[in-house]
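Trainee: I have a structure open and want to learn how to read it. Can we go feature by feature?

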Amino acid sequence: MISPMPTPAKREPVVRVHDVHKYFRRGSERLDVLKGLTLEVPDREFLGLMGPSGSGKTTLLNLIAGLDTPSEGEIWVADQMISGMSESQLARWRTRNVGFVFQFYHLLPVMTAYENVELPLLLLPLSARQRREQVKTALELVGLSDRLHHRPGQLSGGQQQRVGIARAIVTDPAILVADEPTGDLDARSAEEILDLLGELRESLEKTILLVTHDPRAARRTDRVLHLDKGVLVESGVADRAE
Amino acid sequence: MKLGILIFRNLRRNLLRSILTSLGTVVLVFVVTLVWSILAFLQAATEEKTRNLKAIVTERWSIPSRLPFSYAATLAEGAARSPQDVRPLDSMNWQFYGGTVDPEKISRESLIYAIASDPRKIPTMLDGLESLPPDQEEQLRKDVEKLAATRQGVIVGRNHLTALNKRIGDRFKLFGISTYMGIDLEFEIVGAFPPGRYDGLAAFNSDYYLNELDAYARRNNGRKHPLAEHSLNLVWLKLADTDAFNRVAEQIESSPSFNSPAVKCETAASGIASFLDAFRDLIWGMRWLLAPACVATLSLIIANAISISIRERRLELAVLKVLGFRPWQILTLVLGESVLLGSLSGLASAVATYAAVNWWMQGLKFPIAFFDAFFIPSDAMVWGFCVGAAASLAGSFLPAWSACRVKVADVFSKVA
Ligand SMILES: Nc1ncnc2c1ncn2[C@@H]1O[C@H](COP(=O)(O)OP(=O)(O)OP(=O)(O)O)[C@@H](O)[C@H]1O
Ligand SMILES: [Mg+2]
């Protein structure tokens, strides 16, 4: 259920990345994308990740979100070492623990907003009533209570991204990862989405990892990490938006 | 579960493609249904003829066949000598007789050909009389009893009643013609064959005939009638199966009792078998080439459609994976879609073919040899469903497998 988590006295890191390497093989060639990254993300932090194209931002995000496993090193999320999990363990883990927001929304076009948000819940042992309540709450939080039965094609980009965010939070995961969630939106919609993420972080106490190229978006975060050629070059605290 | 809704929605998404795939399935299942119906029909026909088959014993070297009546008893036993020998299940003697009601003016109407036999063999040995409607069967049983009890009785065909302008209970006299010259028989009509196949047949007691042949000699100073020693034309034997037939034929043809004249033993099914032999390659081709080719084509069509739709939906399937859907769930989703479409189209096609052929066309007219019309067996609905399901499963398995193996990280990375 979506409910505020008890606030710990001290902010424990919810994500810990320790000396992580990731390389891809293309034929005989080895492409080193991440080269010994170490970082910690405290609970309820709104973290921005920036860096030039091809620097490995998406790769890092995928590792933290359990879509891929590191070649070397360890990744811990909320006291679970996900870097050692099998593919099916990761799938199970993702459903409950990570919410994804994509640049291109990736909603299923044949399903309504309501059904799209309901999808991840189908994997959990919930009754129809419990599902209905959670879907409604999530869509309310993103301000789309009046668009339950619209198909993605009948919604604006900003609205589709809200549905995407509702789908990400509906299972009440500890962390939200967003890969350029505003990259495909006009300035106003982008502002609204960023406002929404900020609100959710406050009200639901989520930890949010945001990859962006947009300095204005980065300014909304608590802290920005810069990635270049697979290493963290500097980290600084950005201006707090609120 | 909710996945079912997703499957339905996906089918509806590209309606044209779904309809075309479905039509392809319908047409091919139609062809497979027809082919298999014909094969099943031929198989049933040959099997029926090899079970409870009828053997015919005739004179070996001469047509028409004329055997001494003394052969009858031994032939009825299948010439069995030792206890291990096979005996026929039943037998029937055929003694032909031809005569006219009006020796002055012989015409088609006045001529009657009849067989002399044991009356009680009529219902069991004559084709088609063992499976009459209950009322006709009961009537025939009564007529046969009456014939057995009436020495000079005769059961005639419907044509005779008309031609002779007689009714059951009436009497008439036949004057023997050609080889039967000199044997004149007086009959009382005790019954009539059920309408149909035996409208032209008349059957009377063998005892009466044999007696009249003897009486001829008495009337002619001991000179026997030329047919006296050759009044048996053929003997029918009923046998359990081809194996029994082969054994009995061997027993009869090797028996020293039938030296002069020699006899031969044949079966009606051997005629069918040799006829089917000519078609064997065709049937083989239909069964092992045409039908599998249809199923293979069907699989390819479905594989094509499914792999296109999977390619289009790679991202969607990857998103499902990101949300935590397991590979088998993705597999179910993709396979479910095509198997649902394939099996339902197959079923629909078979049901439509069944209805069209069996009800609307009243059978598929296909007059080769003794077969008149083919019908679609009701099993076809099961085949149709299974062929559709199997072909779609075969066609969609590889695309579905590759879909569920999709690595999400690759899909979302720039390189993919
Ligand atoms: N699955 C993969 N196989 C091979 N190479 C990959 C794979 N995923 C990423 N790469 C490579 O790793 C490098 C980093 O890619 P990544 O997507 O992480 O960059 P990014 O920082 O997200 O870039 P952008 O800002 O353009 O999204 C690129 O050179 C890319 O080609
Ligand atoms: Mg990226």
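Mentor: Start with one residue and its contacts. Setting aside residues up to four places away in sequence, A:Val14 touches A:Val41, A:Pro42, A:Asp43, A:Trp76, A:Val77, A:Ala78, A:Ile175 and A:Thr207. Keep in mind that this is a predicted model.

Trainee: Which element holds A:Val14?

Mentor: A:Val14 sits in strand 1 of chain A, residues 13-26.

Trainee: Is A:Val14 buried or exposed?

Mentor: Check relative accessibility against the cut-off. Buried means under 20%. A:Val14 has 8%, so it counts as buried. Now look along the chain. A:Arg44 is 30 residues away from A:Val14, and their C-alpha atoms are 8.3 Å apart.

Trainee: Let me try chain B. Where does B:Thr21 lie?

Mentor: B:Thr21 is in helix 2 of chain B, residues 15-50. Apply the accessibility test again. B:Thr21 is buried because its relative accessible area is 8%, and the cut-off is under 20%.

Trainee: What does B:Thr21 contact?

Mentor: Leave out neighbours within four places in sequence. Then B:Thr21 is in contact with B:Ile302, B:Ala305 and B:Leu341. Take B:Leu341: it is 320 residues from B:Thr21 in sequence, yet 8.1 Å away in space, C-alpha to C-alpha.

Trainee: How do I read a charged residue? Which side chain of opposite charge is nearest to B:Asp199?

Mentor: B:Asp199 is buried and has no salt bridge. The nearest side chain of opposite charge is B:Arg158, at 5.1 Å. The salt-bridge limit is 4 Å. B:Asp199 lies in the loop between strand 6 (184-192) and strand 7 (202-205) of chain B. Its contacts beyond four places in sequence include B:Arg158, B:Asn159 and B:His160.

Trainee: Now the interface. How many residues does each chain give to the contact?

Mentor: Count residues, then area. Chain B gives 24 residues and chain A gives 26. Together the chains bury about 2400 Å², with 65% of it on carbon and sulfur atoms. On the chain B side, B:Arg9, B:Leu323 and B:Arg326 lose the most area to chain A, together 25% of what that side buries.

Trainee: How many salt bridges cross the interface of chain B and chain A?

Mentor: One. The side chains of A:Glu87 and B:Lys321 form a salt bridge, 3.7 Å from N to O. Helix 1 (2-13), helix 10 (314-322) and helix 13 (408-412) of chain B each give two or more residues to the side that touches chain A. By class, that side of chain B has 12 nonpolar, three polar and nine charged residues.

Notes
Residues numbered from 1 in each chain as written. Chains lettered and ligands numbered in written order. Predicted model: local features only at pLDDT ≥ 70, side-chain atom pairs only at ≥ 80, totals over all residues. Heavy atoms only, no water. Contact = heavy atoms within 4.5 Å. Buried area = accessible area lost by both parts, 1.4 Å probe. Helix = DSSP H or I, 4+ residues; strand = E, 2+ residues; numbered from the N terminus. Nonpolar A, V, L, I, M, F, W, Y, C, P; charged D, E, K, R; others polar. Buried < 20%, exposed > 50% of the residue type's maximum accessible area, 1.4 Å probe, protein only. Lys, Arg positive; Asp, Glu negative; His and termini not counted.
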